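Me: I want to know what lies behind the labels used for this structure. Please take me through them.

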Amino acid sequence: MSEQPLLEVKDVETFYGKIQALKGVTMEVNSGEIVTLIGANGAGKSTLMMTICGNPRAAAGQIIFDGQDITNLPTHEITRMNIALSPEGRRIFPRMTVYENLIMGATTSDPAYFDKDLAHAFELFPRLKERKDQRGGTLSGGEQQMLAIARALMARPRLLLLDEPSLGLAPLVVKQIFEAIKMLNEQDGLTVFLVEQNAYHALKLANRGYVMVNGTVTLSGTGKELLASEEVRAAYLEGGAH
Amino acid sequence: MADTESTPSRPARHLDFSKVVKDLIVTTLIATAVFGSTIAFRTVSAAGGLGLEVRYDIAFYVIAAVVIGRLLLWIFVWSKPPGTSAVEMPVSIKSGLAKVSAKVGKGFGPTMLLFALVFPFLPFTDRYLLDLSILILTYVMLGWGLNIVVGLAGLLDLGYVAFYAIGAYSYALLAQYFGFSFWMCLPLAGILAAFWGIILGFPVLRLRGDYLAIVTLAFGEIIRIVLLNWYQFTGGPDGLSGIPRPSFFGLPFNRSEGGFADFFGLDYSSIHRIMFLYFLILALALLTNFVTNRLRRLPIGRAWEALREDEIACRSLGLNTTSVKLTAFAIGAMFAGFAGSFFATRQGFISPESFTFIESALILAIVVLGGMGSQTGVVIASIAMIGGFEIFREAEQFRMLIFGLAMVIIMIWRPRGLISTRIPSIFLKEKKKVSADMVAQGEGH
């Protein structure tokens, strides 16, 4: 583990108009970790994710990636710094084929790596290879999520931001997706920051976790600690452990 | 409308008589109300004022035709049990047809191109047909240009004619004030139009959909009104006349020595110039098509399409959506600029009247009817629209009515345009079309 965290969020505050969504959030993601952020609806999880990407912009505080302040950079420059985002709701390009979607993911990366990255993505999600000439919108929800992650990976990220990858997916598919994330982390050493409502699976997967309530981080610790914590169990895991 | 009861064993025709009779009575009443008032009475100018002519017989025939038509529909179309298609076709024939249509689809482009190339030399081609095809080709080019903005980048532009006007006026004014030739002005007009495309692009970057449409509509009107009121510079409503005709790479089309006909040892004919204009606009249109098709395969073209699909996803992938939108606006505008300067040189006279909103609407209609993003669709739609306008020139009063009806029908039958398939810009082994029912919007998010 390096001395300096890969991503550092310091006292970040974000507003939607007059409504304060983030009330001073501080957290960090170290290189090689899987860190998860869990919380209820409207806690500000996705807002934090979006703020890291510069839209909406943080009103106060600092976001530092790899020693560089990215708080005020435009979104496309942030994502060019090897931060890849797989957005909430997948947001694949529905009329474009799987292959075209993956090419779009590689927009910012060096074309020399394209073939290798493509092979890697297909290896990770063989289903995508079967469907490479199929339109994105005709894929099932799980396949679309695989595509969204694969597309993000095509940018050769050092930090992968995943916003609710389990949203609307069958438990079996959620398991597949999470296994793929684990593999990425273990084999490629990819750093992953995961925002999830599915607290049980997310905490089981993650090295560390943060719990967010009403725009502030109320708890943090290793995945196991949080899983064992009474508060977390009561608030997020009742009936969630499927 | 179709019967809701389904027969369990084999599909049989099924008519519910009381339902049909009720429907026919309603039909008769509606038809009588509509045609009784419009067809049965006719005003004629008689001596000393307006006279009324009564035509009950014609009205009766029309009403009868409507009722009988509806009865036939009941008997042959709506009597089918639900779930069966109107025309039953064996699977083998169906797949055979699909194969044939795929082949026809593949050969369609080259055939059209070949036809376009030999068209001026065909025996039945006269001055009128040639003029008409020049007009159609101008709209094909404009449609292809707008297709970049609307079809590929998904930015609804209702003021496209502004760039057409800028192209036309750039040529006319540059020729008038500096005496530049057509060939010099063509690129300049394109560059100027592209420049104005960027100027328009900047303020509208934050807008999408309806709001973008309104601002571009306003832009189109602003340009037209400036042209109309800046009398000293643009000639205002009088327009600009005496715009120089294009020359064949320096050889003018006239009777003089050293003219085109003289140089090639031909007898002078005014058709030479028209033929030249025809090939000029054909070349310009093909250039537009070629550039668009190439751009689609380049990262920038894919970025346009991705932008149409999902702007947020584009940003998350590190695309600078600002520059993507601006390039779409600029390149689309550039082709309108080319077409505009061609228009100016063909007409020899331009005025703001040629650049009204209805032109923008017409070009947009061509793109939408053709199927957004489809190059072939634009060709078919412009032939149908512009050619159709000409065919119905006799029935001038009903022209718009007929076109309104045609558009409604097309939007019912083919809601995604005539050619609604999208060919992927890149593929690994074989090209596979993305069929129409797969490209409905609002899915896959």
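**Labels and their cut-offs**

Reply: Start with B:Arg346, found in helix α13 (residues 321-347) of chain B. Helices (H or I, at least four residues) and strands (E, at least two) are DSSP runs, numbered from the N terminus. This is a predicted model: local features need pLDDT of at least 70, side-chain atom pairs count only at pLDDT 80 or more, and totals for chains, interfaces and linings use all residues. Residues are numbered from 1 along each chain as its sequence is written, and side-chain values use heavy atoms, without hydrogens and water.

Me: Why is B:Arg346 called buried?

Reply: Buried means under 20% relative accessible area, exposed over 50%, partly exposed in between (1.4 Å probe, protein chains only). B:Arg346 has 17%, so it is buried.

Me: Which residues does B:Arg346 touch, not counting residues up to four places away in sequence?

Reply: B:Asp131, B:Ile134, B:Leu135, B:Arg245 and B:Leu277. Contact means heavy atoms within 4.5 Å.

Me: What makes A:Arg91 and B:Asp310 a salt bridge?

Reply: The definition asks for a side-chain nitrogen of Lys or Arg within 4 Å of a carboxyl oxygen of Asp or Glu. The side chains of A:Arg91 and B:Asp310 meet at 2.9 Å, N to O, so the pair qualifies. The count between chain B and chain A is one salt bridge.

Me: How much area is buried between chain B and chain A?

Reply: About 3000 Å², with carbon and sulfur atoms giving 58%. Buried area is the accessible area (1.4 Å probe) that two parts lose on being put together, summed over both. In contact there are 33 residues of chain B and 29 residues of chain A.

Technical notes: Chains are lettered from A and ligands numbered from 1 in the order in which they are written.
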